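User: Hi! I'm new to this one, could you walk me through it?
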Amino acid sequence: MGILAARRSENLMANGSFERGMIGWRGWVDAIVVTETAFAGSRSIRIMDTGPQPHLLVTDPELTVQGGARYQFRAAIKTRLHTAVAWVELKWRTRDRALLRTDFFGHVMGVADWARYETPVLVAPYGSVSVEVRLIAYGGTVFFDDVQCLQVE
Ligand SMILES: [Ca+2]
């Protein structure tokens, strides 16, 4: 099957668009679901970073994956403040929680309106059983929405 014929599954994330609040996510107290702006639906998550450390919102529970299977991840990101930085990390782990690989995508700096970012098709590391999606904000207010994990056949 060629790349052009590759089929993608439905979104494997149950609440990647934050339409059901924080279900499936955990993070800092200054990450809240808002209706003031959204890329898809009527809600997004706003992460306000006011400290020296990057602020994270992570999937909880982690997504179940099959080692060797192919996946593509997408997320919509919007930032405020010229000092803002945002990106998404993917942490692939074994059943024993050993970290096999970290992938990154959606690196945004400065003031940026909503745009969708995505990975190329990624092969889950052999031996991985889960992937943690980490939405990361640093140095300003960042909105995330429409986070997707698609299995690619
Ligand atoms: Ca949404």
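Analyst: Happy to, and we can go from the overall picture down to a single residue.

User: Thanks! What is the average pLDDT of the protein?
Analyst: This is a predicted model, and the protein averages a pLDDT of 92, with 94% of the residues scoring at least 70.

User: And which element has the lowest mean pLDDT?
Analyst: That is strand 1 (residues 25–27), with a mean of 89. At the other end, strand 10 (residues 122–123) has the highest, 98.

User: How many helices and strands are there?
Analyst: The protein has zero helices and twelve strands. Its radius of gyration is 15 Å, close to the 15 Å that the globule rule gives for 153 residues, so the protein is as compact as a globular protein of that length.

User: What does the C-alpha trace span along its principal axes?
Analyst: About 45 × 35 × 25 Å. As for burial, 33% of the 153 residues count as buried.

User: What about contacts along the chain?
Analyst: Among contacts between residues at least 6 apart in sequence, 78% join residues at least 24 apart.

User: Switching topic: where is Thr102 found?
Analyst: Thr102 sits in strand 8 (residues 99–109).

User: Is Thr102 buried or exposed, and why?
Analyst: Thr102 is exposed, because there are 11 other C-beta atoms within 10 Å, and a residue counts as exposed at 12 or fewer.

User: Which residues is Thr102 in contact with, leaving aside neighbours within four places in sequence?
Analyst: Those are Glu89, Leu90 and Lys91. Glu19 is another story: the C-alpha atoms of Thr102 and Glu19 are separated by 27 Å, and the two residues are 83 residues apart along the chain.

Methods: Residues numbered from 1 in each chain as written. Predicted model: local features only at pLDDT ≥ 70, side-chain atom pairs only at ≥ 80, totals over all residues. pLDDT = per-residue confidence, 0-100. Helix = DSSP H or I, 4+ residues; strand = E, 2+ residues; numbered from the N terminus. Buried ≥ 20, exposed ≤ 12 C-beta atoms within 10 Å, placed from the backbone. Contact = placed C-beta atoms within 7 Å. Rg over C-alpha atoms; globule rule 2.2 N^0.38 Å.
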